[in-house]
Amino acid sequence: MTVDSRTQGAGVAAQSDKDRVIIFDTTLRDGEQSPGATMTFEEKLEVADLLDQMGVDVIEAGFPIASEGDFKAVSEIARQAKRAVIAGLARAIPADIARAGEAVRHAKRPRIHTFVSTSPIHLQHQMRKSQEEVLEIVVATVTQARNLVDDVEWSGMDATRTPIDFLARCVEAAIKAGATTINLPDTVGYATPEEYCAMFKAVRERVPNADKAIFSVHCHNDLGLAVANSLAGLQGGARQIECTINGIGERAGNAALEEVVMAMKVRADVLPYATNIDATMLTRASKLVAAATSFPVQFNKAIVGKNAFAHESGIHQDGMLKDASTYEIMRPEDVGLKSSSLVMGKHSGRHAFRKKLEELGYQLSDNAFQDAFERFKALADKKKHVYDEDIEALIDDQVSRSQEYIRVEALTVIAGTGGPQKATITLSMEGKHITKEATGDGPVDATFNAIKGAVPHEANLQLFQVKAVTEGTDAQADVSVRLEEDGRSFTGRGTDTDTMVAAARAYVGALNKLLARRAAKPNILAAS
């Protein structure tokens, strides 16, 4: 019998319940705090549903007191969650805790996560409280939260810069007041793995009631140590990891869920811990969050990056052809990625195209398949090779366009140094066609001005981002546009080999989401 060395770590004896690690995902809360990463209500529900499906134990759905939108999202996620604990974050303020309790009350397994600063630098410059005052706050707020739900998590913000004696006093008080989970976060990404591990060991040794709570890690990546610190925390006795998909979050981000999960899976020989995560869904989750936030995943990102399982060097290719374990410590299939790529082109037929869609995880109706096939053939006429990423972008764009109020029918752009840039666009709206012409400071500005002329609105452009789906001058452009109206953001994407067409589709896509969120659909034709 042959053994694939890429999965040898899994051969360690089954872990006991004591060594099972709880995965606490905070993509929808800390992840969304990344500047520019705001998600719509619908996008949050979609991400939460996938996290629930993939086995995430605790989903921190948001910060209910932050806004009415956050409250509604947390409440709806709490109602819809099938398995996961749903947590709402709350500052150590009575109104915050009450709001969080109200938001999660419909969950099958509700949790309130409350936090207060403990480090001298935070107490002196931000809170302006004494240690004794902070201890009183810990007891009062944890008690309030425990009166609302049975599952209460308490966090000592900036724990890694807090004197160990005071941190231990806070932890003991929180557990005595009813906290069931104790989180000691590396809030500013300051700790090293050795220090973080030692902190957990010291606190658990000093606190007499430490055995009555689960300890948790929450690490930021300011020094690039978030994953290493999280795993070190496990070795110090923690059994919950707080993390995000793609590692998004404040500043340099959080520990990446996919990285901590696969580190434990591949290196079970030195990290003898188990999780409930279905690792084959990691790539899908990464792509969903990247699309919802318009935060692209760097090509060399561990586990889910485009190049994570790519080999270009001749030496590496030779080794891979002889035995994949020479240069891969994981199988692509383990994280939901296909091991091979079928190159598609203009000579490919319907059967091959349908098989490729099935390999990529798409199931389309006959009409949707026919539409996708025709668009694929049109794309294949423009490109020498059509890659998996091209097809995924094509299908994703088709799905987003299937629920449109507005559709781009035609676009002509005049650009160059000889005169003003001008765009003429024809939009289909409610069965009618409207054509508008506009000038602008460049072809993109002219295109967007023409759309505004056809559909007057006051939304502000927050983001315009262009990237190539694949390499080469014939690559499709993948454009993201984010519009803001009344404090809410709406993101649209468009793909086409013509960058201006992709830009127009992305802008209209964001505009469609904006219109869908209004209380009543406006008479957009009357305003035109």
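**Salt bridges in this model**

Guide: Welcome! R29, D30 and E60 are linked in a network of salt bridges, a salt bridge being a side-chain nitrogen of Lys or Arg within 4 Å of a carboxyl oxygen of Asp or Glu. This is a predicted model, where local features need pLDDT of at least 70, side-chain atom pairs count only at pLDDT 80 or more, and totals for chains, interfaces and linings use all residues. Residues are numbered from 1 along each chain as its sequence is written, and side-chain values use heavy atoms, leaving out hydrogens and water.

Visitor: How many salt bridges does a search of the whole structure find?

Guide: Side chains of opposite charge can pair when their charged atoms come close. Searching the whole structure for such salt bridges gives a total of 22.

Visitor: Is D158 buried or exposed?

Guide: D158 meets R161 in a side-chain salt bridge, 3.0 Å from N to O. R161 is partly exposed at 31% relative accessibility (buried means under 20% relative accessible area, exposed over 50%, partly exposed in between, with a 1.4 Å probe and protein chains only). With a relative accessible area of 0%, D158 is buried.

Visitor: How many residues apart in sequence are the parts that R251 and D222 tie together?

Guide: The side chains of R251 and D222 form a salt bridge of 2.7 Å, N to O. R251 lies in the loop between β8 (240-243) and α9 (257-266), and D222 in the loop between β7 (214-218) and α8 (226-235). Here helices (H or I, at least four residues) and strands (E, at least two) are DSSP runs, numbered from the N terminus. The pair therefore ties together parts whose separation in sequence is 29 residues.
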